Amino acid sequence: MTDSSGSAEMEDVRVHVIKAGYLCKRGAIFKKYKRRFFELYTTHMKYYSDEGGKFKGTIDLTNATVELDQDDEEFYSFHITERQKKTRTYVLAAIDENRLEEWTSAIKDVLSFTKDSSETQEGRSDAKKPSDRGAQEWFTIGMIHLKAKEHEKAATSFIRSMAINPDHPGTCFQLGQLHLKGLGGVEKSTEKWFKLTSRASFGGHQRASLSLASASRYHCDGEAQERESKPQRVSTINANHEGKQNSSNSTKNAKAVHSRVESLPPPPPPVFGGANEK
């Protein structure tokens with residue numbers, strides 16, 4: 001028996017196009033470029049004969065890589081290499097340097113955000129649940145909006161991710177940061193920041209653990225209001241000398257913080273500023 005609400009969320013995210021437009025695709029056999037209309041999603045790309053035209057194929061971005069073609073002096077081209085059961089390389093080209101940068105940056109963002117989150121969840125028992133894929137996709141969409149400083153859209157995406165998997169570490173951490181900074185139409189709340197960041201820390205999110213450890217003294221001592229007006233800064237870790245020790249200490253501190261916020265009342269639902277947001 002399937003979860004109808006979870007299925008609806010997954011279907012919803014699959015139609016969320018991150019980027020769309022024309023690129024030229026080189027044929028696998030005849031090596032001739034043909035103009036195709038591409039749509040970029042969180043896990044794959046689809047391409048068509050034209051906008052609204054015949055579907056031609058899919059490029060799976062799971063574990064894929066993207067690289068510029070440094071040897072092509074005639075076209076603004078790049079390679080996408082699928083790394084599934086069979087390795088296949090797609091050669092695509094943009095009409096100018098700006099379009100090349102836009103497309104490669106967007107694809108790299110999708111690959112980066114997906115990779116970072118999957119590494120965070122590695123080894124978790126719920127990481128392979130089908131529903132977690134929907135949470136991951138909404139998290140990736142949220143991160144793309146966040147990078148573009150579209151905070152309300154980012155918050156909406158993170159809320160959708162948490163509706164599918166409330167313990168997704170990346171989502172908990174990023175939504176906690178929005179609460180801390182009062183961005184995206186969410187309430188500026190230290191308590192919610194603590195709850196979400198603590199949950200992210202126990203989910204294996206390293207930045208959440210460090211963030212809790214570095215800021216817990218100020219927030220637990222009631223000095224949050226004064227410091228929230230300034231960006232929170234996390235001490236830089238020397239990975240070669242202090243990384244393992246600091247990570248261990250951070251986890252212990254995070255557990256201490258977690259015990260202090262367990263007694264806090266549950267937070268109300270986030271309030272968004274834009275009622276007409278789509």
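In what order do the seven strands of the open sheet stand? The views below start with the answer. This is a predicted model, in which local features need pLDDT of at least 70 and side-chain atom pairs count only at pLDDT 80 or more, while totals for chains, interfaces and linings use all residues. Residues are numbered from 1 along each chain as its sequence is written, and side-chain values use heavy atoms, leaving out hydrogens and water.

**View 1. An open sheet of seven antiparallel strands.** The order is β4-β3-β2-β1-β7-β6-β5. Strands are DSSP runs of E with at least two residues, and helices are runs of H or I with at least four, numbered from the N terminus. Two strands pair if DSSP finds at least two bridges between them. At the edges, β4 (55–60) and β5 (65–68) each pair on one side only.

**View 2. Strand β1 beside strand β7.** Here β1 (residues 19–26) and β7 (residues 87–94) run antiparallel, joined by two bridges. Look for C24, which stands opposite A93 in β7.

**View 3. Helix α4 crossing helix α5.** The axes of α4 (residues 151–164) and α5 (residues 169–181) come within 10 Å and cross at roughly 140 degrees. Axes are lines fitted to C-alpha atoms, for helices over the stretch in contact, with angles from 0 to 180 degrees between N-to-C directions.

**View 4. Residues where α4 meets α5.** Contact means heavy atoms within 4.5 Å. On α4, the contact is made by H151, A155, F158, I159, S161 and M162. From α5 come T171, C172, Q174, L175 and L178.
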